[in-house]
Amino acid sequence: RILRAVRFAAQLGFSIEEETKKAMTKLADNLKYISAERIQVELTKLITSDHPDRLVEAYELGLTKVILPEFDVMMETEQDSPYHLYNVGLHTIKVMEHVPPTQILRYTALLHDVAKPLTKTIDEEGNGHFYGHPIKSADMARDILKRLKLDNHTIDETCLLVKEHDFALHGTNIKAFRRFLNRIGKERFEDFLIIKKADICLLYTSPSPRDAT
């Protein structure tokens, strides 16, 4: 019921009463006794709702610390980039809000940058970089989705999109594009474009990396 309250709020658009929030925070650790299958059902319904941003509320209440600790790390990782408006976690939420509410697309959006905290480096000018994060994110996504007991089809499709989400279409020659299309499959190209558009439309340019908060 602790996680279900956030899911209902996401699906129905209501607010959780403050005393109930306090009780949820106090008892959040009990979620570790709930089966992965039941956690997955509630999480899937939450992120495929009209309000996937309620995952932030789950974070604030201490629920994701138990059911999806990787998201907590994302919420605590700044991108330190002039091209990003949000930290990794909030960027993830925004991408979820900008893709259709299908299970595969929403899980892809949720996990496409999950390895950014682990791959982050800072250059001499103070700018953040995340070299190799798509491949590492795909590996982490597979582990997370298996832990949550998702079906194999969802796992495979999601991980492939996560792995390829950062492929640059602009300036790519035809040979490189054909190799990419062969990897991802033409039947997934539309989903790739959906994720790509949601990901890049949230970028912006600022005069200083420190403004990218």
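**Salt bridges and a helix packing**

Modeller: Lysine 120 forms a salt bridge with aspartate 80, the closest N and O atoms being 2.4 Å apart. This is a predicted model, in which local features need pLDDT of at least 70 and side-chain atom pairs count only at pLDDT 80 or more, while totals for chains, interfaces and linings use all residues. Residues are numbered from 1 along each chain as its sequence is written, and side-chain values use heavy atoms, with hydrogens and water left out.

Colleague: Why is the pair of lysine 120 and aspartate 80 called a salt bridge?

Modeller: The term requires a side-chain nitrogen of Lys or Arg within 4 Å of a carboxyl oxygen of Asp or Glu. The N and O atoms of lysine 120 and aspartate 80 are 2.4 Å apart, so the pair qualifies.

Colleague: What makes lysine 120 partly exposed, and why is aspartate 80 called buried?

Modeller: Buried means under 20% relative accessible area, exposed over 50%, and partly exposed in between (1.4 Å probe, protein chains only). Lysine 120 has 26% and is therefore partly exposed, whereas aspartate 80 has 14% and is therefore buried.

Colleague: How do you know which class glutamate 157 and arginine 188 belong to, buried or exposed?

Modeller: These two residues form a salt bridge, their closest N and O atoms being 2.9 Å apart. Glutamate 157 lies in helix H11 and arginine 188 in the loop between helix H12 (174-184) and H13, so the pair ties together parts that are 31 residues apart in sequence. The relative accessible area is 15% for glutamate 157, which is therefore buried, and 17% for arginine 188, which is therefore buried as well.

Colleague: Why are H8 and H13 called oblique to each other?

Modeller: Helix H8 (residues 103-111) and helix H13 (residues 189-200) pack at an angle of about 40°, with their axes 11 Å apart. Angles under 35 degrees count as roughly parallel, over 145 as roughly antiparallel, 65 to 115 as roughly perpendicular and the rest as oblique. The angle of about 40° falls in that remainder, so H8 and H13 are oblique.

Colleague: What makes the contact of H8 with H13, and how do its residues divide?

Modeller: Leu105, Thr108 and Ala109 of H8 meet Asp191, Ile194 and Ile195 of H13, where contact means heavy atoms within 4.5 Å. These residues divide into four nonpolar, one polar and one charged.

How values were computed: Axes are lines fitted to C-alpha atoms, for helices over the stretch in contact, and angles run from 0 to 180 degrees between N-to-C directions. Helices (H or I, at least four residues) and strands (E, at least two) are DSSP runs, numbered from the N terminus. Ala, Val, Leu, Ile, Met, Phe, Trp, Tyr, Cys and Pro count as nonpolar, Asp, Glu, Lys and Arg as charged, and the others, Gly among them, as polar.
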